[in-house]
There are 2 protein chains.
Amino acid sequence: MHHYTSASFSAVQNIGHQLARAGNLVTAEMDLALKDLRITSRQLGILLAMQHRSAATPVELAKMLSIDAGLMTRMLDKLEANDLLKRSRSTCDRRRVNLVLTERGHEVAAAVPEYAPKMLNGRLKRFTNAEFEELGRLLQKFIGE
Amino acid sequence: MHHYTSASFSAVQNIGHQLARAGNLVTAEMDLALKDLRITSRQLGILLAMQHRSAATPVELAKMLSIDAGLMTRMLDKLEANDLLKRSRSTCDRRRVNLVLTERGHEVAAAVPEYAPKMLNGRLKRFTNAEFEELGRLLQKFIGE
């Protein structure tokens, strides 16, 4: 179904604007919540994906976090410089770059649940459980996986 | 109500991750949709807010789009360099910077509804009208205004 036409498209109330804005808010507030761990919210996404073994290459990470390949390369450079992860060439396929968390990377990822939930609970404090579940479901549907 | 505890906080399924990811997707796809207008999705937010007169100063814009003040300054520099808007000091209060769209800025803002809705309709094509409305309502509740 077509929810928007040229005529109905409104500047400030459209879903695209709201998503971009909510994404900006979450990113900024999560950066603040993670200050003591000295990682940003974007770096957090990478560390957690690797901790859960849901991504092990730059390409998989870029897809999973919906970040373009160029930005992902720069973020991995920074994480490697900060001793949070290591890159290594696959021994089977030299074109493939494998990523592994360092010891420090594992420690930081393990500490995240002490810092991150508070910020989200603050934003979600007026949500009923049904609304919370529904927002998650609709965002997943929007992302399309 | 507290929706997350340290134990239940999950890396890839939490709302923060989904919002950041949906925000990244919208931004990247909208950038592509606006290529012919030679503006980015972030610049779009500024132009539309000014067109609708919902913001007229850098501070108002930063708040409205949930972008920090430093990034907003750099974006306004770029829009001014591209002849899309002009800054002027208020005659009543010299500390206040007023922003106005240039003629070209008005033209570009007016052309946006021909380009932007298609991208959003694509992402929303499996949404019923009730789901579409509910996503908008829940995002607004999350943003908190």
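Trainee: Where is A:Arg38 found in chain A?
Mentor: A:Arg38 sits in the loop between H1 and H2 of chain A. Helices here are DSSP runs of H or I with at least four residues, strands are runs of E with at least two, and both are numbered from the N terminus. The model is predicted, so to speak of local features requires pLDDT of at least 70 and side-chain atom pairs count only at pLDDT 80 or more, while totals for chains, interfaces and linings use all residues. Residues are numbered from 1 along each chain as its sequence is written, and chains are lettered from A and ligands numbered from 1 in the order in which they are written.

Trainee: What is the phi of A:Arg38?
Mentor: Phi of A:Arg38 is near 55°, a positive value in a residue other than glycine.

Trainee: Buried or exposed, how does A:Arg38 count?
Mentor: A:Arg38 counts as exposed because it has 10 C-beta neighbours inside 10 Å. The criterion calls a residue buried if 20 or more other C-beta atoms lie within 10 Å of its own, exposed if 12 or fewer, and partly exposed in between, with C-beta atoms placed from the backbone.

Trainee: And what about B:Arg38, where is its place?
Mentor: B:Arg38 is in the loop between helix H1 (15-33) and H2 of chain B. B:Arg38 has a positive phi of about 55° although it is not a glycine, and with 10 C-beta neighbours inside 10 Å it counts as exposed.

Trainee: Moving on, how many helices and strands has chain A?
Mentor: Chain A has seven helices and two strands. From the N terminus on, the order of elements is α-α-α-α-β-β-α-α-α. The C-alpha trace of chain A spans about 55 × 35 × 25 Å along its principal axes, and 37% of the 145 residues of chain A count as buried.

Trainee: Which residues join H2(A) to H5(A)?
Mentor: From H2(A), A:Leu47, A:Leu48 and A:Gln51 meet A:Gly105, A:His106, A:Val108 and A:Ala109 in H5(A). A contact requires the C-beta atoms of two residues, placed from the backbone, to lie within 7 Å. The residues of this contact of H2(A) with H5(A) divide into four nonpolar, three polar and no charged. In that division Ala, Val, Leu, Ile, Met, Phe, Trp, Tyr, Cys and Pro count as nonpolar, Asp, Glu, Lys and Arg as charged, and the others, Gly among them, as polar.

Trainee: At roughly what angle do the axes of those two, H2 and H5 of chain A, cross?
Mentor: The axes of helix H2 (residues 41-51) and helix H5 (residues 103-111) of chain A cross at roughly 100° and come within 10 Å. H2(A) is therefore roughly perpendicular to H5(A). Axes are lines fitted to C-alpha atoms, for helices over the stretch in contact, and angles run from 0 to 180 degrees between N-to-C directions. Angles under 35 degrees count as roughly parallel, over 145 as roughly antiparallel, 65 to 115 as roughly perpendicular and the rest as oblique.

Trainee: Over in chain B, which residues does B:Val108 touch?
Mentor: Leaving out residues up to four places away in sequence, B:Val108 touches B:Leu37, B:Ile39, B:Leu47 and B:Leu84. B:Val108 lies in helix H5 (residues 103-111) of chain B and counts as buried, because it has 23 C-beta neighbours inside 10 Å. The C-alpha atoms of B:Val108 and B:Leu48 are separated by 9.5 Å, although the two are 60 residues apart along the chain.

Trainee: Why is helix H2 of chain B largely enclosed by the rest of the structure?
Mentor: Nine of the eleven residues of helix H2 (residues 41-51) of chain B are buried, so the rest of the structure largely encloses it. Among them are B:Leu44, B:Ile46 and B:Met50. Just after H2(B), B:Arg53 takes a positive phi of about 55°.

Trainee: Finally, how many residues does the contact take from chain A and from chain B?
Mentor: The contact takes 59 residues from each, that is, 59 from chain A and 59 from chain B. H1(A) gives the largest share of the side of chain A that touches chain B, 15 residues. That side divides into 29 nonpolar, 21 polar and nine charged residues. The copies meet through the same surface, because 100% of the interface residues of chain A are also interface residues in chain B.
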